Amino acid sequence: MKEKPTVMAVVNQKGGTAKTTTVENLGIGLAKAGKKVLLVDCDPQASLTICLGYPRPDELPVTLTELLTASINEQTVDLTKGILHQKEGVDLIPSNIALAGLEVALVNTMNRERVLKQFLEPIKGAYDYVLLDCMPSLGMLTVNALTAADTTLIPVQANYLSANGLEQLLQTVNKVKRQINPKLRIEGILLTMVDGRTNYARDISNLIRETYGSRIKIFDSVIPRSTRAAEISAEGKSIFAYDPKGKVAAAYEDMTKEVLKNAEKRRKHQLEQLR
Ligand code: ADP
Ligand code: MG
């Protein structure tokens, strides 16, 4: 029997913490491990869409905006136009700047926090993992992602400012959990762009582990900083295709294994509870 799909929101209201890079490489990592994966670009900046090899998102005929609008208006849509099959084996619902307009319109929509959830409901069954790449804010679209999600992954750049913003993010996650989505879990905090050679980065990593480690899982895998990782968005391919032997590819491969291992643990635990 096919396992239930996992919807994972990758969130941090701070820009530049490697949310998009993580969605891309975890997504393709999971696909390489044999999982069926859908990536959803929930950011009007469309970085994920661009990173995955669609450099002109504004020219795409159907994006998340059109799909959500149709869903709000209870119209049926031709998903074959809206779900792109990327060449490294993941599916993508792209976005573009029009999504910024939809976010504003959402405020006056019935069930405004649940629009993304309702849209994904009939689609997600075809996948093992649906990863939501959130924009750098805690606005309506991010709340929609947290409402649609089973779990949330928080990439954090190893510096003091990132560590500060975490409290606010965790409050929002907990608020959505209390008021809208009681099953929402936190998958973990992923340290990104870690410069392993400096004491500073090590201090920050330790600080985050000490402050949050007792409440929240901190991934054992950390993503090192590397210019090779910064280059992939322009190449339109994952780190596995661009620099397969590099340290960032190895780190994302490790991290993917950790996600799969945790899912397996949780599944075993649930089975034991049922007995
Ligand atoms: P976010 O989606 O959180 O805004 P991005 O994934 O777009 O963050 O990453 C922000 C910037 O940092 C991008 O220019 C990206 O190429 C770069 N970047 C991401 N991961 C790494 C890394 N491991 N090493 C160096 N640069 C990185
Ligand atoms: Mg991004």
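**The ligand site and the chain around it**

Tutor: Ligand 1 sits in the second largest pocket, where a pocket is defined, on a 1 Å grid over the protein atoms alone, as an open set of points where a 1.4 Å probe fits, with protein on both sides within 12 Å along at least five of seven lines, and where a molecule sits in a pocket if more than half of its atoms lie within 2 Å of its grid points. The model is predicted, with local features needing pLDDT of at least 70 and side-chain atom pairs counting only at pLDDT 80 or more, while totals for chains, interfaces and linings use all residues. Residues are numbered from 1 along each chain as its sequence is written, chains are lettered from A and ligands numbered from 1 in the order in which they are written, and side-chain values use heavy atoms, with hydrogens and water left out.

The shell around ligand 1 holds 14 residues, of which Gly16, Lys19, Thr20, Thr21 and Pro224 come nearest; a residue is near a molecule if one of its heavy atoms lies within 4 Å of it. By residue class, the shell divides into six nonpolar, six polar and two charged, on a scheme in which Ala, Val, Leu, Ile, Met, Phe, Trp, Tyr, Cys and Pro count as nonpolar, Asp, Glu, Lys and Arg as charged, and the others, Gly among them, as polar. Helices α1 (19-32) and α10 (227-235) each supply at least two residues of this shell, and α1 gives the most, with three residues. Helices (H or I, at least four residues) and strands (E, at least two) are DSSP runs, numbered from the N terminus.

A polar side-chain atom of Thr20 lies 2.8 Å from an oxygen atom of ligand 1, whereas for Thr17 a backbone N or O atom is placed 3.0 Å from an oxygen atom of the ligand. Pro224 also takes part through its backbone, with an N or O atom 2.9 Å from a nitrogen atom of ligand 1. Taken alone, ligand 1 exposes 550 Å², and the protein buries 78% of that, the areas coming from the Shrake-Rupley method with a 1.4 Å probe.

Staying with α1, Asn25 lies in this helix and is buried, with a relative accessible area of 0%; buried means under 20% relative accessible area, exposed over 50%, and partly exposed in between, with a 1.4 Å probe and protein chains only. The side chain of Asn25 reaches the backbone nitrogen of Ile239 at 2.9 Å.

The loop between β2 (37-42) and α2 (47-51) contains Ala46, which has a positive phi of about 60° although it is not a glycine, and which counts as buried at 1% relative accessibility. Gln45 is found in the loop between β2 and α2 as well, yet Gln45 counts as exposed at 60%. Although 52 residues separate Gln45 from Ile97 in sequence, their C-alpha atoms are 6.1 Å apart in space.

Asn96 belongs to the loop between β4 (91-93) and α5 (98-106); with a relative accessible area of 7%, Asn96 is buried, and its side chain reaches the backbone oxygen of Pro57 at 3.2 Å. Asp58, in the loop between α2 and α3 (64-72), is exposed at 56% relative accessibility.

Further along, Met193 occupies the loop between β7 (185-192) and α9 (199-212), where its phi is near 50°, a positive value in a residue other than glycine, and its relative accessible area of 25% makes it partly exposed. Helix α9 includes Thr211, partly exposed at 37% relative accessibility, and a polar atom of the Thr211 side chain lies 2.6 Å from the backbone oxygen of Leu207. The C-alpha atoms of Thr211 and Glu113, 98 residues apart along the chain, are separated by 31 Å.

Terms used. Polar contact = N/O pair within 3.5 Å; in protein donor to acceptor, adjacent residues only side chain to side chain. 1 Å grid on protein atoms, 1.4 Å probe; cavity = no way out; pocket = protein on both sides within 12 Å on 5 of 7 lines; lining within 4 Å.
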